[in-house]
Amino acid sequence: MSKLIDLTIDGKRITVPEGTLIVDAAKQAGIDIPVFCYHPKLKPAGMCRMCLVEVGRSTFDRATGQPLLQADGKPQVQFGLKLETACTTPVSQGMIVLTTTNKVKAARKDILEFLLTSHPLDCPVCDKGGECPLQNLTLLHGPGESRFLFDEKKHLAKHVPLGELIFLDRERCIQCGRCVRFQSELADDPVIGFSDRGRSFEIVSYSDPGFDSYFSGNTTDICPVGALTTADFRFGARPWELNAAASLCPHCPVGCNITFNVRREAASGGQVVIKRVMPRQNEAVNEIWICDKGRFAYHYTESKERLTAPLVRKNGELTPTSWDEALELAAGRFRSAGENLLILAGGRLPNEDLFNLRRLADGARGAAALYTHMAGGELTTQLGVTAGMDFGQMGKGTAILVVASNLHEEAPIWYLRVKQAAERGATLIVANARPTRLDRYAAHSIRYAYGEEPETLLALTHGGRSANSAPASAASAFHSAAQVVILFGSDGLGLAGSQALARACADLVINLPGSGDINHPSEAAGKVERALIGVWPHANDQGAWELGFHTKSTDETTKDVKKAVKVLYVVAADPFGDDPEEEHPLAAGHPFIVVQDLFLTPTALRADVVLPAQAFTEREGTFTSGERRVQRFYPAVPARPGCRPDYAITAEIGKRMGLSLEGRTPAAVFAQISAEIPAFNKLNYRKLAETAPQWPAIGSSLSRKGLYFSGTGYENKQGLGVQLHLPLSPNPFPLKGEGENIGILGIWGSEAAPNTQNSNFFSPLPSGEGQGVREENLLAVPVTCLYDRGQTVWPSELLRTRGGNRPGKPWVALNPEDAAHLGIQQGQSVKLDFAGSASAIQPAVIANLDKGVPAGVILVPRSFYLGINTPSVVVVQKITKNAG
Ligand code: SF4
Ligand code: SF4
Ligand code: FES
């Protein structure tokens, strides 16, 4: 614990840790010192001088080092001749700070008058007006009038696109540098910077495409004026017209807390609509940040393509019908299917919906499975993060291993938080088959060939004694840490590969010194704090695992589908879109298919009944993040007419089958989850809505004062969520040995069964040769990219402009040497011919040449309808120039 310092600010005596800045000490004492350039999440820069205060320090006898005393025995304090910046000055023992003297007030007036000399004062039409720190501080501390004439102002460009997402109004910029510092210090995307000097100073973007960063929207939040605005919100509404609805980002396992700002407007036919998305403060999850996908992808919920009426197939055509007819038809088929009913549930469904689907499957004696390409959740439910573990608190003493994951693409806010933990002193080990953005923060970067993931983990587990090249130093850092976190992903892996990797990660965690009995991996058992985190493809995959979606092996399920499944109930999943084969395994036996979704997906197009579901913006529910935090989201806009929430549709079908399923409210379903699922024991909606004071503090109800953060969306009044506890009962899932279940229904393919004892089942190339270019064959591996063409991204036109260097088009990436060998050039259209797949249905794709791609490998992004989600390893047999 650091040394404590006593000081006095405006007569208030306070004690704070050594090193605290005056501005923060004052905030803790409830005293606001006005700032512009300072931001508690950024390093102080001292650029604007708005925070000037008078500072007095104790004086000391130079000879003895003892404090000099006044006649009355009190310490002698000497004030400096000049004012000091509270944002760069740390506290010292006995310091006296004065923040409201005439000298300070005069300085603030001068600074504000100076800042406004070139400011356009177009508050009436400015997006920031109403929540603008410059506006608010001018009213609080400004001179009231300016001695500068309007004609003397320097006029600069007002609608400058820094990129497709962010616009700059040059004359509103007060040169505080928050945006530039955020991009370089926090996001590590130094793609904007200062250009020129004095009154010609301006912010410019250096990247192509402009402002090329996944975090760019955050700069509009922290800009203390209306200089930076998003293409989405600018001129869209005035802040005081907006209401706030708390929600969660549904796009990745981080579970970022967000606020939807909504208003009723004539332009939308008198409807309440979403005007913008802001981060909502949750220091243990996303702090005050979100990525641009979380900020801009919500438009899919407003798409005109949304389903609004149930459909049933009549005379071969999907035809609109009543809910009654559609539900009756589905229920009748489910009832008669019995054990031949298979439910496929997507990981973007909330807990309540997943729970009802499982109960329906149990009641009908059918099966319910999570539809995903990534396995290992039965291990994260036992070895995952538990209450109190927080990336924000990690530093020295913690070892973090990120394996087979490109966090920057898959879970951007985890990328930020892991990077920051490494900067605070945590030992970061990054193991991947290709370079990723986190490598530059890693104490140890381990490179393996695709398919060698388990061997690499084995080397770490056994202290680097394996034949694999994992450095012994990385292993030793791992084994000596007091806290260990492993994030495993599915870069280049399918279901079996990720299962084997998860097992290997679990072995590593379990074999740490002091980890306890492997069959009792409870939080109480181990001395080392450890956690296994899946970088899942969806927001609530972890929730699905916690709710028991791990009951069947891949082999069993594939057999079922081919032989016995008579009825398929596909909810929030699109297997035919993910794997667009003409002879899709799911179509074998011609099952009756019921699809419940937002859109007429490729799977819905093949269905017999289609049921329109509500979007998450229209209802409430809960997600469980990858860090096992159960969090609530609330309705932001009225439901699209004709749509119903998933949990209620399932309950209604159940009712017609004679089952008793809760469908009145999500809170009532959650009460059942809490009663039946031990990990959720004693949780309820009220608990999930509890909040606690957070630091840095947001300016109470008047966040519009915005002395620290600015913006209206940060306040979290609706709940911080609760992290699940780990099971204390003996481990029901053997972590080693024979006969274990994969426990998942995934994407079909030809992967061999996982076997961590023999990692040879990963044979990257069919002949077993090394990875080199052989004729036109390359090893195609599936990878995840943030902006894909999935149904929850593609409808947002803004994001279509940002998909790689060929926006929105399907792409693949390969090594320049391989490309040269194959005669392929950057940006060329090519066609992939997967072994055994119907090449006629493969679209043309753009070839990107990337030195980071290993030789002999081609990266194929998931969710671009390229059919790569099937097995983890696919051979590309042919690449034809300019095909398609
Ligand atoms: S654009 Fe905004 S955040 Fe960036 S320097 Fe100007 S005022 Fe500051
Ligand atoms: S990091 Fe993930 S949860 Fe957070 S805003 Fe981005 S996509 Fe959403
Ligand atoms: S110099 Fe302190 S806030 Fe800008």
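## Exercises on a predicted model

The shell around ligand 2 divides into 8 nonpolar, 3 polar and no charged residues. This is a predicted model, in which local features need pLDDT of at least 70, side-chain atom pairs count only at pLDDT 80 or more, and totals for chains, interfaces and linings use all residues. Residues are numbered from 1 along each chain as its sequence is written, chains are lettered from A and ligands numbered from 1 in the order in which they are written, and side-chain values use heavy atoms, with hydrogens and water left out.

**Exercise 1.** List the residues around ligand 2 and sort them by class.

*Solution.* Step 1: a residue counts as near if one of its heavy atoms lies within 4 Å of the molecule. The residues are C249, H251, C252, V254, G255, C256, I290, C291, G294, P412 and I413.
Step 2: Ala, Val, Leu, Ile, Met, Phe, Trp, Tyr, Cys and Pro count as nonpolar, Asp, Glu, Lys and Arg as charged, and the others, Gly among them, as polar. The division is 8 nonpolar, 3 polar and no charged.

**Exercise 2.** Describe the open sheet of 5 strands and the helix that packs on it.

*Solution.* Step 1: strands (E, at least two residues) and helices (H or I, at least four) are DSSP runs, numbered from the N terminus. Two strands pair if DSSP finds at least two bridges between them.
Step 2: the order is 21-20-19-22-23, with parallel pairing. Strand 21 (444–447) and strand 23 (529–534) are the edge strands, each pairing on one side only. From one strand to the next, the twist averages 10 degrees; axes are lines fitted to C-alpha atoms, for helices over the stretch in contact, and angles run from 0 to 180 degrees between N-to-C directions.
Step 3: helix 12 (residues 453–461) touches strand 19 (398–403), strand 20 (427–432) and strand 21, and its direction makes about 165 degrees with that of strand 19. Contact means heavy atoms within 4.5 Å.

**Exercise 3.** Which residues lie closest to the centre of the largest cavity, and how does its lining divide by class?

*Solution.* Step 1: on a 1 Å grid over the protein atoms alone, a cavity is a set of points where a 1.4 Å probe fits but cannot get out; lining residues have an atom within 4 Å of a point.
Step 2: 50 residues line the largest cavity, and R348, P537, H538, T792 and S863 are the closest to its centre.
Step 3: the lining has 23 nonpolar, 15 polar and 12 charged residues.

Note on methods:
1 Å grid on protein atoms, 1.4 Å probe; cavity = no way out; pocket = protein on both sides within 12 Å on 5 of 7 lines; lining within 4 Å.
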